[in-house]
Every structure is written in structure tokens, then in C-alpha cells.
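Here are my notes on the model, for you to read beside the structure. Please check each point against the coordinates as you go.

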Amino acid sequence: MKLLVVSLLAVAALSAAQAPQTFTGIITDNMCAKGSHAQMRMGPTDADCVTACVRAHDATYVLSDGKEVYTLSDQRTPEKFAAQKVNVTGTLDAKTKTIKVDSITAAK
Amino acid sequence: MTRIVLVVLGVLAVSVSALAQTAESIDRALAAAPRNMREGATVIKWNPDYTYETLKKGTNRLFCFDRSGEPGEQPFAAQCTSVGNLERVAQNRRFETEQDTKKRQAMLDAAEASGTRLKPEYGSVFYSLSGPDQATARLHVTIAVPGATSQSTGLPDNPKQGGSWIMNAGTTTAHIMTPGQ
């Protein structure tokens with residue numbers, strides 16, 4: 001009986017850990033996650049700068065919440081949200097800080 | 001007697017664990033270095049007060065450090081550059097403790113305007129390797145050219161031509177960007 005309860009708890013804990021969560025932050029690129037795009041002159045807007053970093057310099061789109069930088073499994077959808085505040089819903093791999101993206105929507 | 005043996009074993013276990021962590025940190029730091037410069041590179045570990053400890057003494061002018069998982073960094077992150085940039089990197093780290101991007105940029109601008117922003121060594125290279133893990137990490141290579149402008153170098157100050165160009169031209173942060181890197 002004890003073993004069954006422990007097993008159920010373990011399964012519940014694992015399921016909770018892998019459940020989709022919503023993360024709020026700015027879509028930026030992994031090379032400049034800590035930098036101000038306004039200074040970089042890669043384009044007229046921050047969004048142009050982020051996109052240029054990805055296209056020209058092989059950077060990847062990431063989500064930055066100011067403290068953490070999350071890699072995004074979906075590298076297409078973030079382009080239209082470059083430099084914008086968004087809500088990313090998905091499953092987090094805590095070890096690699098990678099979000100397996102289900103959806104990205106503009107945050108209010 | 002049993003107690004002494006347990007204490008000795010405990011100390012040994014802690015020491016072995018610390019040595020393993022140091023070796024791992026050295027390997028991670030050196031991953032950012034060009035292959036032919038790894039053996040001679042110095043590896044350091046930054047302390048919270050912006051001083052550093054040397055984990056591996058080198059013979060060339062490159063130093064490397066592991067910054068994996070630090071605030072604003074990806075789970076795997078390492079950087080190497082010239083020993084001439086140690087003070088600049090320490091100053092970078094001071095500014096990076098400010099988490100708010102706008103506030104941090106304002107502090108950097110103020111330091112730039114007051115002349116207190118330290119210059120990196122002209123022509124020195126920054127090798128930055130980062131990613132979700134070491135296997136998928138990407139290398140970003142820039143060449144520091146503090147104060148350089150289009151007029152002084154002949155390079156454009158924006159990427160429109162598609163070739164190498166100077167980012168942050170005219171500042172201590174000016175650096176040459178190479179497409180694909």
C-alpha cells in the first residue's frame with residue numbers, strides 16, 4: 001500500500017513538473033539578451049535589431065524575463081514578436097532552460 | 001577511532017567533489033577558446049566582489065571563465081578574451097548586476113560620458129560560447145576596437161552591406177561584428 005502511495009505521489013510530482021506553464025518576458029536574441037538594442041544600430045527599431053542578430057549573426061530567439069533567459073523550441077513564431085513583451089506557454093526543461101513552446105501571445 | 005575515520009572520509013569526499021567541480025569548470029571555460037589556444041589559456045573564477053581566483057595558470061595571453069547559469073546567461077555560457085581585458089570584464093560584471101536593462105544602459109552611458117568606462121584592448125578578441133547546453137552552444141566572436149568609427153577604420157557602422165561592421169561605433173564598446181558569428 002505504502003509503495004503504491006509513494007509511486008502515485010512520484011507520478012503526480014513528475015506530471016506537475018512537466019505541465020505547461022506561462023512565462024512572461026521580452027523576445028530577444030541570445031547574443032544580446034543583456035544588452036540594449038537601441039545602442040547597436042542594427043536597425044531602426046529594437047525589433048529590427050533582434051531579427052538582424054538572428055538572421056545575420058546566427059543568434060537564436062530567446063525569452064528574457066530580466067533574470068532568466070529561456071531558449072525557445074519554436075524559432076519561427078518569435079520573429080513577429082521580436083522585442084515585444086509576450087506570454088509564452090509551454091513546458092520547461094529546467095536543466096537546459098528550454099521552453100517547448102505551445103503558444104506565444106502578446107502580453108498586455 | 002571510528003569518529004576520526006569518518007571525519008577523514010568526509011573531508012576527503014568534500015575535497016574530491018571540489019576538485020571535480022573545478023576540473024569541470026575549467027573544461028567548460030576552455031570550450032570557448034580556439035582549439036590551438038586552449039592549452040596555454042588561463043582559466044579564472046570570478047568572486048562575488050569582482051576579484052578572481054586563478055584555476056589554471058596559462059602561458060598565452062588568453063583568459064577564460066565559466067559563467068554558466070549566471071543571471072541573464074544561458075545554462076551553458078563561457079567567455080575568453082585577452083588578459084588585457086581583465087579589468088574591463090570585471091567592470092562589465094559590476095554593471096551586469098543591475099537586472100533592469102534600461103537602468104543598466106543608463107549607468108553604462110553615464111560611465112561612458114564621464115570617461116570612467118574602462119577600454120578593452122584594441123584588437124583583442126572576445127569568444128563567447130553559450131546555449132542551452134554545451135553540445136548546442138553557439139560561438140559569438142567579436143573584435144574590440146574601442147573608439148573606432150567608420151571614419152577611422154573604413155568599416156560601416158551598421159550591417160546593411162552584409163560584411164563586417166562596427167557595432168557601438170565611437171564608444172569604448174565598439175567592436176567588429178562578423179556575419180554568421
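1. Terms first. Helices (H or I, at least four residues) and strands (E, at least two) are DSSP runs, numbered from the N terminus. Two strands pair if DSSP finds at least two bridges between them.

2. Ground rules. This is a predicted model, in which local features need pLDDT of at least 70, side-chain atom pairs count only at pLDDT 80 or more, and totals for chains, interfaces and linings use all residues. Residues are numbered from 1 along each chain as its sequence is written, while chains are lettered from A and ligands numbered from 1 in the order in which they are written.

3. Confidence. pLDDT is the predictor's confidence in each residue, from 0 to 100. Chain B has a mean pLDDT of 92, with 96% of its residues at 70 or more. The model's scores are ipTM 0.72 and pTM 0.84.

4. The sheet of chain B. Eight strands make an open, mixed sheet, ordered β2-β1-β3-β4-β5-β6-β8-β7. At the edges sit β2 (52-56) and β7 (165-167) of chain B, each pairing on one side only. Strands β1 (residues 42-46) and β3 (residues 62-66) of chain B run parallel to each other, joined by three bridges. Within this part, B:Thr42 stands opposite B:Phe63 of β3(B).

5. Chain B overall. Four helices and eight strands make up its secondary structure. Along the sequence they follow α-β-β-β-β-α-α-β-β-α-β-β. The C-alpha atoms of chain B fill a box of roughly 75 × 35 × 30 Å along the principal axes.

6. The interface. Contact here puts two C-beta atoms, placed from the backbone, within 7 Å. By that test, 21 residues of chain A touch 24 residues of chain B. On the chain A side, α2 (46-57) and β3 (69-72) each supply at least two residues. The largest share, three residues, comes from α2(A).

7. Helix α2(A). What length should its 12 residues span? The expected span is 1.5 Å times one less than the number of residues. That gives 16 Å, and the end C-alpha atoms are 16 Å apart, so the two agree.

8. Burial in α2(A). A residue is buried if 20 or more other C-beta atoms lie within 10 Å of its own, exposed if 12 or fewer, and partly exposed in between, with C-beta atoms placed from the backbone. Buried residues of α2(A) include A:Cys49, A:Val50 and A:His57. The buried residues of this helix pack against β1 (21-29) and β2 (61-64) of chain A, together with β8 (175-177) of chain B. Just after α2(A), A:Asp58 has a positive phi of about 65 degrees.
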